[in-house]
Amino acid sequence: MERTTIEDLYKNAELVGKSVTVAGWVRTIRDSKSVGFLQINDGSYLAGIQVVLEEQTLSNYEEIVRQNVGASLVVTGELVLTPQAKQSREILAHTVQVEGGSTPDYPLQKKRHSVEYLRTIAHLRPRTNLLLAVNRIRSEAAQAIHSYFYSQGFSYVHTPIITGSDCEGAGEMFTVTSLDLDALPKTEQGTVDFHEDFFGQKTSLTVSGQLEGECMAMALGKIYTFGPTFRAERSNTQRHAAEFWMIEPEFAFGDLQDDMDLAEDMLKFVVGWILTRCKEEVAFLDKFISTGLEDRLWQVKESEFGHITYTEAVKLLEKNAGQFEYPVSWGMDLQTEHERYLTEQIFQKPVFVTDYPKEIKSFYMRLNGDGKTVAAMDLLVPGIGEMIGGSQREERLDYLQKRMQELGLEESQYQWYLDLRRYGSVKHAGFGLGFERLVMYLTGVTNIRDVLPFPRTTGHAGF
Ligand code: 4AD
Ligand code: MG
């Protein structure tokens, strides 16, 4: 079908006065004796468009004004400007065809629904302005990320989703099996015998593509992944999902400073992309969801991100210990409240925290000269806390082996990873950006469940 998008009606001045055909879903509908008005939206533009229905022009006037919210229509008519009205233009309908009707109990009526209610209708909520704005920004942010890395000469690589290794060593993996759960084969010791499983070994859904990403970076030089990631963490928070998307760049011949420079440059590029390409969406979210969003995004684009070491950060937090539910001391992992205090109160902008104690970070991070900390960085941002986690990797075979032994990691399972340190090892670094946390940041939405079209969290895998 030849149709014009509603976005075009607003942006293409040549269409004014012309006959256009638009197709979409009814948002509101009302009529008096001989004239009716409806608002339809086709997903291309938040505002939708008003359609004027006149009894004398439309042979099926009665059928149209009886339609319910949610019905799908194809409208042909003249696009006219309405400088006096609230909306800037409308369509004077010549013909209207009902594509699919709706019923009076359509779950999305013209009123503000709570985000909690919308989560119970995840199949319909994409039709709301909130989700339209979020999903548009999500899509644009993904495009921006690909564009950025492409422009910087990074190759996009695909790492496996089913894996035999635990990258983060946190044991938060979902097992993948084709064994009959009601009749599991057992070893002599009474444990499950994964030799009989599909892959002949125990496998899980990946928590990160980093280890394979490192292999690819040792060949292609600069790579990034962008794919789904899974974590069986039982943390029921606003910023954790069991299935989320992660972007993981990895590059050879670079250190922690290069890693932070890359993260900052990439984020500013993405923010700039959204500010130019999603003006309506950002303005809408600024007005209804998060006051000041647009200003904050501009600030990020123009500010220089802060830098502080973990050790200095802990000192600062200890001075303000009264503010926190969890006390801080050197050696412990920072809680969300600490992260947010650093970025929101102290720096009031994104800040990199670097050089964490090795005990609270993953095995692959490069040991610093002090023997206690590793060349790690987390990027903390206001409103969210950790958005990025990255590090320079341990490229020295003996150091890496020693660390793995300390942590009780089975060396035999990581031979291929250790080989990277045996054959042409180089200084290298990378990071992981949580895509949903980025989208939360770009939209001002405070719950991860509302930036994932169909969220998977503890106890929830509906739709
Ligand atoms: O800090 P993380 O665990 O780092 C890694 O996985 C490294 N292998 C990345 C690398 O260096 N290549 O996770 C990276 C980011 C976090 O900063 C956070 O934004 C996001 O992934 N993330 C989650 N997002 C949503 N739900 C969860 N459960 C998340 N866990 C981590
Ligand atoms: Mg992390």
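Colleague: How far is a nitrogen atom of ligand 1 from an N or O atom in the side chain of Gln210?

Modeller: This is a predicted model, in which local features need pLDDT of at least 70 and side-chain atom pairs count only at pLDDT 80 or more, while totals for chains, interfaces and linings use all residues, and side-chain values use heavy atoms, without hydrogens or water. Residues are numbered from 1 along each chain as its sequence is written, with chains lettered from A and ligands numbered from 1 in the order in which they are written. A polar contact is a pair of N or O atoms within 3.5 Å (within protein, one must be able to donate a hydrogen and the other to accept it, and residues adjacent in sequence count only if both atoms are side-chain atoms). The pair formed by ligand 1 and the side chain of Gln210 lies at 2.7 Å.

Colleague: What share of the accessible area of ligand 1 does the protein cover?

Modeller: An oxygen atom of ligand 1 also lies 2.8 Å from a backbone N or O atom of Met387. Accessible areas come from the Shrake-Rupley method with a 1.4 Å probe, and for residues only the protein chains shown count as cover. Of the 620 Å² that ligand 1 has on its own, the protein covers 93%.

Colleague: Is Gln210 buried or exposed?

Modeller: Gln210 belongs to helix H5, residues 210–220, where helices (H or I, at least four residues), like strands (E, at least two), are DSSP runs numbered from the N terminus. A residue is buried under 20% relative accessible area, exposed over 50% and partly exposed in between, with a 1.4 Å probe and protein chains only. Because its relative accessible area is 4%, Gln210 counts as buried.

Colleague: Which residue with a positive phi follows H13?

Modeller: Helix H13 covers residues 435–443, and nine of its nine residues are buried, so it is largely enclosed by the rest of the structure. Among these buried residues are Phe435, Arg437 and Tyr441. The residue that follows H13, with a phi near 80°, is Gly444.

Colleague: Which residue's backbone oxygen does the side chain of Thr128 reach?

Modeller: Thr128 sits in the loop between helix H3 (115–119) and helix H4 (129–151), and it counts as buried because its relative accessibility is 12%. Leaving out residues up to four places away in sequence, Thr128 touches Arg27, Leu108 and Leu118, where contact means heavy atoms within 4.5 Å. At 2.8 Å, its side chain reaches the backbone oxygen of Arg125.
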